[in-house]
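Here is a short report for a reader new to this protein. Have a look at the structure first, then read on.

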Amino acid sequence: MFVSKSTGKITLVTGPMFSGKTLEILRLVDQLEYSNKEYVIFKPSIDSSEDEFIIKSRWNHSKKANKFSGEDDIERYLLNNPNTYAVIIDEIQFMDKSIIKYLDRLCFRGINIIIGGLDRDYSGKPFDTTSFAASIADEVRKLHSICHVCGDAAFLSQKFYQNRAVTKDSKQIELKNDVLYKPVCRKHFKYDEN
Ligand SMILES: [Zn+2]
């Protein structure tokens with residue numbers, strides 16, 4: 001016998017740096033608030049690139065986020081908050097891809113999932129975890145930025161160290177203040193051909 005049960009939906013918001021992923025996620029969060037749905041935002045605890053307990057767009061919209069390091073943290077939250085309608089995770093590329101299998105199961109349990117993540121690293125290599133997320137998502141919103149050279153749509157993020165494009169891993173110690181990322185189109189993306 002088939003039993004119909006309500007399940008959630010998985011939405012992935014992806015693209016290069018500066019494409020407005022977090023802004024799009026915050027827009028979806030706004031919609032949840034308008035419809036009085038309970039939600040929680042998580043951020044990987046290894047992402048120390050910005051303020052620890054918020055997700056923030058470059059336009060300065062922000063929301064409180066919970067640090068997490070794996071599914072146990074999410075389960076613990078859901079146990080204490082059984083009416084949670086949506087689980088939102090930003091910066092998914094920092095997590096191991098095993099988290100995606102868990103989020104898929106969570107969706108079958110009726111929880112809506114919104115995932116944000118970078119699709120490729122600065123050398124153009126896809127992030128495994130985001131690729132996995134794209135495979136199981138019901139909806140993928142792929143955003144783009146604007147190429148800093150020509151103004152065309154940019155789907156890549158170029159890393160610069162001391163104003164020179166970095167095209168592959170190097171052993172040099174990079175001083176954080178000398179590292180810069182800029183959005184680029186394919187034509188203006190410098191890469192290592194080996
Ligand atoms: Zn360009």
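Predicted model: local features only at pLDDT ≥ 70, side-chain atom pairs only at ≥ 80, totals over all residues.

## An enclosed strand

Both faces of E7 are covered. On one side, Asn112, Ile114, Gly116 and Leu118 are all buried. On the other, Ile113, Ile115 and Gly117 are buried too.

## Partners of E7

Strand E1 (residues 10-15) runs parallel to E7, and 6 bridges join them. Here Ile10 stands opposite Ile113.

Strand E6 (residues 86-89) also pairs with E7 in the parallel sense, over 4 bridges. Val87 has Ile113 of E7 as its bridge partner. From E6 the chain passes through helix H3 (residues 98-108) to reach E7. This β-α-β crossover is right-handed.

## The whole protein

The protein has 4 helices and 13 strands. Buried residues account for 31% of its 194 residues. Take the contacts between residues at least 6 apart in sequence: 75% of them join residues at least 24 apart.

The C-alpha atoms fill a box of roughly 60 × 35 × 30 Å along the principal axes.

## Two domains

The domain assignment gives domain 1 (10-143) and domain 2 (144-194). Their C-alpha centres lie 25 Å apart. Where they meet, 10 residues of domain 1 are in contact with 16 residues of domain 2. On the domain 1 side, the touching residues divide into 5 nonpolar, 4 polar and 1 charged.

Conventions
Residues numbered from 1 in each chain as written. Domains from an automatic or database assignment. Contact = placed C-beta atoms within 7 Å. Nonpolar A, V, L, I, M, F, W, Y, C, P; charged D, E, K, R; others polar. Helix = DSSP H or I, 4+ residues; strand = E, 2+ residues; numbered from the N terminus. Buried ≥ 20, exposed ≤ 12 C-beta atoms within 10 Å, placed from the backbone. Pairing = 2+ DSSP bridges. Right-handed = clockwise from strand over helix to strand, strands pointing away.
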